[in-house]
Amino acid sequence: MTQEFAAGAVASALAEYPLLYIGGDWVAPVDGGMLDSIEPATGKPWARVAYGGEADIDRAVAAARKAFDGPWSRMPAHERAALMRRFADLYATRTEHLAALESRDSGRALREARADIGMHAQYYHWFASLTDKHHGRTIPVDDSVHAFTSRVPIGVVGAICPWNVPLMSACWKLGPALAAGCTVVLKPSELTSVTALELARIIEEAGFPAGVVNVVPGYGAGGAGERLATHPDVNKIAFTGEGATAKAILRSSADSLKRHTFELGGKSPHIIFADADMDQAVNAATNSAWTLCGQSCALGSRVLVERPVYDRVVAAFTERAAQVRVGLPADPATHMGPQASQQQLDKTLRYIGIGRNEGARLVTGGARIESGALAAGYFVQPTVFADVTNTMRIAREEIFGPVAAIIPFDGEDEAIAIANDTSYGLTAGLWTSDLGRGHRVAARIRAGMVWVNTYRFIRWSTPYGGFGASGWGRENGLEALDGYLETRTTIISTHGTFPNAYAQ
Ligand code: NAD
């Protein structure tokens, strides 16, 4: 059966994605159905997508197991790499198409989707180069044995992705999983499933053996996601999403003792010292507050500003907010699209209310856009709260909306104390013209990624992940492979004798 891809369908007709990709075939759901994908810019359905239930996940896991035990594990590493490269090259030719679909499905601005998705092929190429680089070690013991370790693939991976960066999240899991020699069942968010099925189409064209990558959209709790988490034959869950969901996955997967990597939320501090290059710092801080309409785990949602430049930075934020072009995601001029869902819009507006009630000073924004061409969508104004204290909920809890919380501080020690006073620990940024201070402060910040005089600089080769409540394990970098490999120690006797301890 072939999937009917109606991408780019005219606005009035719903694009149809009626099939799942399992075991190298396009198949109708057994116990799933069809779900509507809502276009955040209009609040209306734009696509109908097949979703799978438990029986579909069971089929997909069986296909992934068969591929893992069969052709994929027997394929020489350089041939796996060649397949990954072919896939990466095909993916590169689809960037524009994928960006347009992701922008429509998730609401992120097209220019931003292009910039992100345009890099994915390089991620896949880099991971392809690692298929034969996960070496073991030889271990000196004594001359009676030869002891060595091998890094072997974990097996079948359930990759569960969020709605904010659907293709990036899939890329960060598929790349290392395939490089390690694992097979994958990919479950995108029920809010943004379209591009995962497009990705399956590229997998098919690249010629991967059947079952190496399976794509099953579906719901989380009580649906395909939970079945993946509980499935006894899934060896590992690679998850990006909310902390509460990660805990639910841990609970439901406890009986199978599978492995987990978790990329969760953040409340990242973005620290501006008085000696910083103020233009650059404000560019980065405002950009990182509103990119993706605030729906990225890495954003600097807590802006810590040294008191001598505090008023200046607050004024600059207000000025920049007025320059943000909030608009339809498909318009190439748009800086910031809508929130990805009604639920996310409601959450942001609720937190704006909380900020007001807690006594933070709302200096700009703070409302839904309710008139003109954007009225039907989930658009919200870029919002800035000043005079925030780190005890306020808007400084402690992840809002996932375009809401910056500006917090004043005095001196390095206080900046570090505020920065680290969080349950999260994903990313952090700091701006200073003093190189020594840059090193000093970076070394004391408890976060998985610290940027000095830059922000959100991320590459395939740089490990990404969090301390504390921001997650377990790392994506990207050589460290990403660790999450998809087991270590086997082999000890071989060099004498061929084993004394009989019971002989006397
Ligand atoms: P979410 O946790 O609601 O959903 C993520 C995925 O989990 C979806 O595919 C969903 O269907 C599935 N799911 C939900 N309940 C499940 C269950 N009980 N068992 C198995 N699967 C289940 O997250 P979201 O709202 O889609 O994404 C936003 C969150 O993701 C934010 O908290 C954000 O910070 C985080 N995020 C983190 C990173 C990172 O790299 N650290 C990147 C992007 C997003």
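The shell around the ligand is made of 15 nonpolar, eight polar and six charged residues. In this sorting, Ala, Val, Leu, Ile, Met, Phe, Trp, Tyr, Cys and Pro are nonpolar, Asp, Glu, Lys and Arg are charged, and the others, Gly among them, are polar. What you see is a predicted model, in which local features need pLDDT of at least 70, side-chain atom pairs count only at pLDDT 80 or more, and totals for chains, interfaces and linings use all residues. Residues are numbered from 1 along each chain as its sequence is written, and side-chain values use heavy atoms, with hydrogens and water left out.

**Around the ligand**

- There are 29 residues around the ligand, and Trp163, Glu190, Thr245, Leu264 and Glu398 come nearest; a residue is near a molecule if one of its heavy atoms lies within 4 Å of it.
- Where does the ligand lie relative to domain 1 and domain 2? Domain 1 (7-264 + 466-488) and domain 2 (269-452) both give residues to the shell, so the ligand lies between them. The domain bounds come from an automatic or database domain assignment.
- Three elements, α8 (224-230), β11 (236-240) and α9 (243-253), each supply at least two residues of the shell. The largest share, three residues, comes from α9.
- Helices (H or I, at least four residues) and strands (E, at least two) are DSSP runs, numbered from the N terminus.

**Atoms that meet the ligand**

- A polar contact is a pair of N or O atoms within 3.5 Å; within protein, one must be able to donate a hydrogen and the other to accept it, and residues adjacent in sequence count only if both atoms are side-chain atoms.
- Tryptophan 163 has a side-chain N or O atom 2.7 Å from an oxygen atom of the ligand.
- Lysine 187 also takes part, with a polar side-chain atom 2.9 Å from an oxygen atom of the ligand.
- Leucine 264 uses its backbone instead: an N or O atom there lies 2.6 Å from a nitrogen atom of the ligand.
- Taken alone, the ligand exposes 850 Å², and the protein buries 92% of that. Such areas come from the Shrake-Rupley method with a 1.4 Å probe; for residues, only the protein chains shown count as cover.

**The whole chain**

- The chain has 16 helices and 21 strands.
- Its radius of gyration is 24 Å, close to the 23 Å that the globule rule gives for 504 residues, so the chain is as compact as a globular protein of that length. This radius is taken over C-alpha atoms, and the rule is 2.2 Å times the number of residues to the power 0.38.
- Of the 504 residues, 56% count as buried; buried means under 20% relative accessible area, exposed over 50%, and partly exposed in between (1.4 Å probe, protein chains only).

**Buried residues in helices**

- Aspartate 56 lies in helix α1 (residues 54-74) and is buried, with a relative accessible area of 0%. A polar atom of the aspartate 56 side chain is 2.9 Å from the backbone nitrogen of glycine 53.
- Leucine 345 belongs to helix α12 (residues 342-358) and counts as buried at 0% relative accessibility.

- Most residues other than glycine have a negative phi.
- Leucine 292, which is not a glycine, has a positive phi of about 55°. Leucine 292 sits in the loop between α10 (278-290) and β14 (302-306) and counts as buried at 4% relative accessibility.
- Cysteine 293 is found in the loop between α10 and β14, and its phi is positive too, near 55°. At 2% relative accessibility, cysteine 293 counts as buried.
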